[in-house]
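Subject: Structure handover

Hi,

Have a look at it first, then read on.

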Amino acid sequence: MGEAGVTLYTVGRIKEISGLKNYLAIDGGMFENPRFALYQAKYEVLAATKLNDKPIKEYSIAGKCCESGDLIAENVLLPDVKEGDILAVLSTGAYNYSMASNYNRNSVPAVVMVKDGASYYCVKPQDLEDIVRNDI
């Protein structure tokens with residue numbers, strides 16, 4: 001199951017620190033994939049919108065939770081990525097859903113199955129009402 005799952009992220013901000021490190025901030029993070037923060041799980045990351053472009057730059061993939069450990073991967077060689085590009089993190093299996101939380105009031109993402117060119121939800125995405133349902 002681990003090999004079957006792919007998680008897609010949209011690149012938000014890009015921060016390049018000359019001579020030090022390049023960061024890609026994504027629209028996800030440790031709230032739906034805590035494995036890197038917990039034990040530095042290794043993932044293959046692809047620029048899904050630039051699969052035919054040559055990898056030329058190293059990036060660290062940072063989540064949106066503003067925590068020092070909110071990373072998905074470090075030192076990943078990718079093409080010249082721009083804001084709005086889609087990253088595919090391979091081999092996330094069922095872990096993202098089973099370990100996901102509403103940390104920092106983020107919603108747990110949907111789980112989508114794909115078969116024979118058709119896609120469907122097997123877990124619908126959360127909305128704000130789902131997150132605050134038990135608040136008093």
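Let's begin with serine 91, which is partly exposed, with a relative accessible area of 25%. Serine 91 sits in the loop between strand 6 and helix 2, and its phi is positive, near 60°, although the residue is not a glycine. I flag that because most residues other than glycine have a negative phi. Asparagine 75 is another one to look at: this non-glycine residue has a positive phi of about 55°. Asparagine 75 belongs to strand 5 and, at 47% relative accessibility, is partly exposed.

Before going further, a word on confidence. This is a predicted model. The mean pLDDT for the protein is 93, and 99% of the residues score at least 70. Where is confidence lowest, and where is it highest? Helix 2 has the lowest value, with a mean of 85, while strand 3 has the highest, at 97.

Now the core. The largest nonpolar core has 17 residues, and the members that touch the most others are Leu24, Val45, Ile61, Ile72, Leu78, Val81 and Leu87. At least two core residues come from each of strand 1, strand 2 (21-26), strand 3 (45-47), strand 4 (57-62), strand 5 (71-78) and strand 6 (86-90). Which strand gives the most to this core? That is strand 5, with four residues. As background, nonpolar side chains tend to be buried together in soluble globular proteins.

Setting aside residues up to four places away in sequence, leucine 24 touches Val11, Arg13, Ile14, Tyr59, Ser60, Ile61, Ala62, Leu78, Val81 and Leu87.

The largest pocket holds about 750 Å³ of space. Its lining is made up of 29 residues, and those nearest the centre are Val6, Thr7, Ala110, Val111 and Val112. Strand 1 (6-17), helix 2 (95-99), strand 7 (111-115) and strand 8 (118-123) are the elements that give two or more residues to this lining. By type, the lining residues divide into 18 nonpolar, eight polar and three charged. If you plan to work with this pocket, keep in mind that helix 2, one of the elements in the lining, is also where confidence is lowest, at a mean of 85.

Glycine 63 is in the loop between strand 4 and strand 5. Is glycine 63 buried or exposed? Its relative accessible area is 14%, so glycine 63 counts as buried, the cut-off being under 20%. Apart from neighbours within four places in sequence, glycine 63 is in contact with Ile26, Gly28, Gly29 and Asp70. From glycine 63 to lysine 50, 13 residues apart along the chain, the C-alpha separation is 21 Å.

Aspartate 53 lies in the loop between strand 3 and strand 4 and is partly exposed, at a relative accessible area of 40%. Aspartate 53 and leucine 77 are 24 residues apart along the chain, with 12 Å between their C-alpha atoms.

Last one: leucine 38, in helix 1 (residues 35-39). With 56% relative accessibility, leucine 38 counts as exposed, because the cut-off for exposed is over 50%. Leucine 38 and lysine 82 are 44 residues apart in sequence, and their C-alpha atoms are 28 Å apart in space.

Over to you!

How values were computed: Residues numbered from 1 in each chain as written. Predicted model: local features only at pLDDT ≥ 70, side-chain atom pairs only at ≥ 80, totals over all residues. Heavy atoms only, no water. 1 Å grid on protein atoms, 1.4 Å probe; cavity = no way out; pocket = protein on both sides within 12 Å on 5 of 7 lines; lining within 4 Å. Points joined across faces, edges and corners; volume = space filled by probe spheres on them. Nonpolar A, V, L, I, M, F, W, Y, C, P; charged D, E, K, R; others polar. Core = buried A, V, L, I, M, F, W, Y, C linked by side-chain atoms within 4.5 Å. Buried < 20%, exposed > 50% of the residue type's maximum accessible area, 1.4 Å probe, protein only. Contact = heavy atoms within 4.5 Å. pLDDT = per-residue confidence, 0-100.
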